[in-house]
Amino acid sequence: MNKPAATTAEKAVVKKAPKKQRFKFQTTQKINGYIFLIPWIIGFLLFFLMPMVNTIIYSFHEVGVKDTGGMEMTWVGIDNYISLFNEQLSTNSQQFTRVFADENAGIIMNTPLIVIFSLFAALLVNANYKGRDVVRVIFFLPIVLGLSIVTSMVTTTGGDVTSVTTSVSEESSFIMKLLTSYTFLPKDIISFVMEVVSDISSVISKAGVQTLLYLAALQSISPALYEVAKIEGATQYEVFWKVTFPMVSSITIFNFVYTFVDLFLDSSIAEEVYAFAFTKNLIGVGSALSVVYLVDVLVILLLILLILTKVVKLDA
């Protein structure tokens with residue numbers, strides 16, 4: 001039987017029925033991402049951007065307290081910056097040009113060491129061999145405990161940290177003389193190596209997060225890539241540089257940035273900012289130091305990123 005034809009009224013109703021508009025999958029993902037970032041954006045605006053703007057304003061003023069209460073600011077231009085590098089001294093009675101030079105040199109030297117050690121640790125704990133769980137505990141226990149806690153435990157249990165440090169320095173000086181006498185290496189290189197070895201505990205304590213990130217990246221590499229390399233007859237050295245390292249290159253850049261910023265947050269310059277602002281009551285000079293500190297971090301960080309993006313390939 002033939003169905004009856006639809007009336008004109010029914011056709012009009014069908015035409016007027018609104019169509020449901022649905023967002024595309026990519027648009028939905030973007031909206032969810034922005035919703036997820038809202039708490040961070042609010043925190044950034046309230047607790048970082050506004051204090052940073054106020055710090056920049058304070059750095060160009062002499063900040064004091066009015067007799068009637070409240071803050072009093074007098075415009076001084078760049079006098080706080082000039083006073084910072086020409087007149088003011090750090091808590092260790094050093095000029096700030098020397099303080100920034102020492103901090104930058106130490107952080108630039110320690111950053112690649114921590115990243116390389118974290119990659120080595122991740123490769124070691126990710127390998128498949130007997131006793132791997134024990135090795136993981138040995139590597140991650142100092143990282144979890146932290147160097148300061150270990151030092152505090154030794155002190156409270158009656159240990160003499162000063163004597164241990166003195167004996168280590170005496171032993172290091174003996175090894176320094178031995179290497180200088182019986183090797184062809186220059187004294188500067190030997191001093192650098194000895195300084196790195198003596199500070200190995202600090203390197204280990206700073207490599208925890210980076211090691212976990214590298215471990216997650218290594219476990220995400222497809223085993224098929226290693227099987228193909230083995231079929232092609234590649235050595236372990238070639239497998240590392242042709243497969244493993246390119247696959248963790250993006251994590252390498254992230255670890256460099258994270259390590260660099262983490263070391264700067266623990267530097268003595270942050271303590272100097274607090275000392276000027278709250279101990280010496282020189283809020284303007286302390287704000288100027290904070291601004292110079294921020295610019296110094298950003299400039300070196302951009303240089304590191306520029307170098308890394310040229311050296312490390314991100315095609316993988």
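Author: Happy to! Let's start with Asp102, which is partly exposed, at 37% relative accessibility. That label follows because the value falls between the two cut-offs, under 20% for buried and over 50% for exposed. Please keep in mind that this is a predicted model.

What does the side chain of Asp102 meet? It meets the side chain of Arg98 in a salt bridge, with 3.1 Å from N to O. Side chains of opposite charge can pair when their charged atoms come close.

How many salt bridges does the whole structure have? A search finds three. Another one joins Asp262 to Lys206, at 3.8 Å from N to O. This pair reaches across the sequence: Asp262 belongs to helix H13 (residues 249–265), while Lys206 is in the loop between helix H9 (200–205) and helix H10 (208–219), so the bridge ties together parts that are 56 residues apart in sequence.

Lys206 also forms a salt bridge with Asp266, where the closest N and O atoms are 2.1 Å apart. Asp266 sits in the loop between H13 and helix H14 (268–279), and Lys206 in the loop between H9 and H10, so this pair ties together parts that are 60 residues apart in sequence. Through shared partners, the salt bridges join Lys206, Asp262 and Asp266 into one network. As for Lys206 itself, its relative accessible area is 21%, which makes it partly exposed.

The charged end of Lys280 sits over the ring of Phe276, and the distance to the ring centre is 4.1 Å.

Rings can also pair with each other. A pair of aromatic rings is described by the distance of the centres and the angle of the planes. The search of the whole structure finds 13 aromatic pairs. One of them is Trp40 with Phe44, a stacked pair with 5.3 Å centre to centre and 15° between the planes. It counts as stacked because planes under 30 degrees apart are given that name. Trp40 and Phe44 are four residues apart in helix H2 (residues 25–59), so about one helical turn lies between them. Trp40 counts as exposed at 55% relative accessibility, whereas Phe44 counts as partly exposed at 29%.

Compare that with Phe240 and Trp241, an edge-to-face pair: 5.0 Å centre to centre and 80° between the planes. Trp241 is partly exposed, with 41% relative accessibility. Both rings belong to an aromatic cluster made up of Tyr237, Phe240, Trp241 and Phe245.

Let's finish with the open spaces. The largest pocket has a volume of about 680 Å³. Its lining counts 24 residues, and those nearest its centre are Phe48, Thr55, Ser290, Tyr293 and Leu294. H2, H13, H14 and helix H15 (283–311) are the elements that give two or more residues to this lining, and H15 gives the most, with 10 residues. Which classes of residue line the largest pocket? There are 20 nonpolar and four polar residues, and no charged ones.

The second largest pocket has a volume of about 480 Å³. It is lined by 15 residues, and Asn126, Tyr226, Gln236, Val239 and Thr244 lie nearest its centre. Two or more residues of its lining come from each of H4, H10, helix H11 (223–231) and helix H12 (236–247). H12 gives the most here, with four residues. By class, this lining divides into nine nonpolar residues, five polar and one charged.

One last stop is Leu301, a residue of helix H15. Leu301 is buried, with a relative accessible area of 14%. Its C-alpha atom is 7.1 Å from that of Val257, although Leu301 and Val257 are 44 residues apart along the chain.

Methods: Residues numbered from 1 in each chain as written. Predicted model: local features only at pLDDT ≥ 70, side-chain atom pairs only at ≥ 80, totals over all residues. Heavy atoms only, no water. Phe/Tyr/Trp six-rings, centres within 6.5 Å; stacked < 30°, edge-to-face > 60°. Buried < 20%, exposed > 50% of the residue type's maximum accessible area, 1.4 Å probe, protein only. Lys NZ or Arg CZ within 6 Å of the ring centre and 35° of its normal. Salt bridge = Lys/Arg side-chain N within 4 Å of Asp/Glu carboxyl O. 1 Å grid on protein atoms, 1.4 Å probe; cavity = no way out; pocket = protein on both sides within 12 Å on 5 of 7 lines; lining within 4 Å. Points joined across faces, edges and corners; volume = space filled by probe spheres on them. Nonpolar A, V, L, I, M, F, W, Y, C, P; charged D, E, K, R; others polar.
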